[in-house]
Number of protein chains: 2
Amino acid sequence: MKGYVQVYTGNGKGKTTAALGLSIRAAGAGLNVFIAQFLKMGDYSEITALKRFSDLITIEQYGLGKFIKGKPSDEDMDAAQKGLKRIKDILSVNEHQVVILEEANVAVSCGLIQKDDLLNIIKTKPENVELVITGRGAISEIIEIADLVTEMKEIKHYYQKGVRARVGIEK
Amino acid sequence: MKGYVQVYTGNGKGKTTAALGLSIRAAGAGLNVFIAQFLKMGDYSEITALKRFSDLITIEQYGLGKFIKGKPSDEDMDAAQKGLKRIKDILSVNEHQVVILEEANVAVSCGLIQKDDLLNIIKTKPENVELVITGRGAISEIIEIADLVTEMKEIKHYYQKGVRARVGIEK
């Protein structure tokens, strides 16, 4: 099966959640899935849930769990670079039919990884791999090269009412 | 935990997939999830995948698998009405903390269910229930009453290149 490049961007809720749903659907069809999370670190509810799919879905985190905004530290940069190397290895071994790069757009915009690194991953991926890139602020070169782009547009959000992230719903 | 009303609408890919991801995250936190699919019938990859969560996630289908567009038949209408009744029962028993009404917006716009039925479900849901409504073409009353609305906006889609729905990716 030929694989395509999907991008989920925009400021609304649903990007990471859609990638999670996609990984489950793929696993339901017996596909192998690799999820690389650039910014997260920690035991989110989805990590717990995905343990039930440990035969089909591998999830790795390259965030240090402390970098949120501003300039990334050398440690943050090292972690992201190790992540990049790992993703390239995974793609070259080519045992996963679906590869998800979570928050990769944000990793580019905050300088954790270079846009050319991400573009290079897209251009050199094995033809059979479905590559999914999430994160707000996808740059124009990524949108240009992608086969499918959905903008998750916030129409309204309960965060504006002061609701905080909840276990099982947001985290 | 107080529950809110989330709506995923728009013409882009990712609405059903986000709802699927949300159900998995909720199950990861030990929440009970009920998924009502209004238009679908059949063994999609997500149905297979969700079997691994049969202790926490219940999924039911109220489509007949043949109605796509045009005017629904009496059989389609009956199936949707049975679905509506079932959803009301589920909400009144209140054992599920997350209830997902898949393609409910489309069910309203094609006349399978009445908009007042859907609005009534929203208005009378138990306070602790997180209610998630998907489907393109959400009507203004639904957007008005919801706490969170994301529009999945199609920027580009590989269907335009002639790619057909693929097992494990779209179905």
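In what sense do strand β2 (residues 33-37) of chain A and β3(A) pair, and over how many bridges? Select both strands in this predicted model. The pairing is parallel, and five bridges join β2(A) to β3(A). For one of these strand-to-strand links, pick A:Gln37: its bridge partner in β3(A) is A:Gln61. As background, strands of a sheet pair through backbone hydrogen bonds, either parallel or antiparallel.

**The whole sheet**

Now select the strands of both chains.

Next, select β6(A) and strand β6 (residues 148-156) of chain B. This pair runs in the antiparallel sense, over seven bridges. Show A:Met152, whose bridge partner in β6(B) is B:Met152.

**How the two copies are related**

Colour the model by chain. Chain A is superposed on chain B by a rotation of 180° with 0.0 Å of shift along its axis, and the RMSD is 0.0 Å. That is the relation of a two-fold axis.

**The contact between the chains**

Select the residues where the chains touch. Chain A gives 44 residues to the contact and chain B gives 45 residues. On chain A, α1 (15-28), α2 (45-50) and β6 (148-156) each supply at least two residues of the side that touches chain B. The largest share of that side comes from α1(A), with 10 residues. Colour the side of chain A that touches chain B by class, and there are 22 nonpolar, 10 polar and 12 charged residues. Of the interface residues of chain A, 100% are also interface residues in chain B, so the copies meet through the same surface.

**The nonpolar core**

Last, which residues have the most contacts inside the largest nonpolar core? They are A:Val33 and B:Val33, in a core of 103 residues. In soluble globular proteins, nonpolar side chains tend to be buried together. Centre the view on B:Val33. Leaving aside neighbours within four places in sequence, B:Val33 is in contact with B:Ser23, B:Ala26, B:Ala27, B:Leu56, B:Ile57, B:His96, B:Val98 and B:Ile100.

How values were computed
Residues numbered from 1 in each chain as written. Chains lettered and ligands numbered in written order. Predicted model: local features only at pLDDT ≥ 70, side-chain atom pairs only at ≥ 80, totals over all residues. Pairing = 2+ DSSP bridges. Helix = DSSP H or I, 4+ residues; strand = E, 2+ residues; numbered from the N terminus. Least-squares fit on C-alpha atoms with pLDDT ≥ 70 in both. Contact = placed C-beta atoms within 7 Å. Core = buried A, V, L, I, M, F, W, Y, C linked by C-beta atoms within 7 Å. Buried ≥ 20, exposed ≤ 12 C-beta atoms within 10 Å, placed from the backbone. Nonpolar A, V, L, I, M, F, W, Y, C, P; charged D, E, K, R; others polar.
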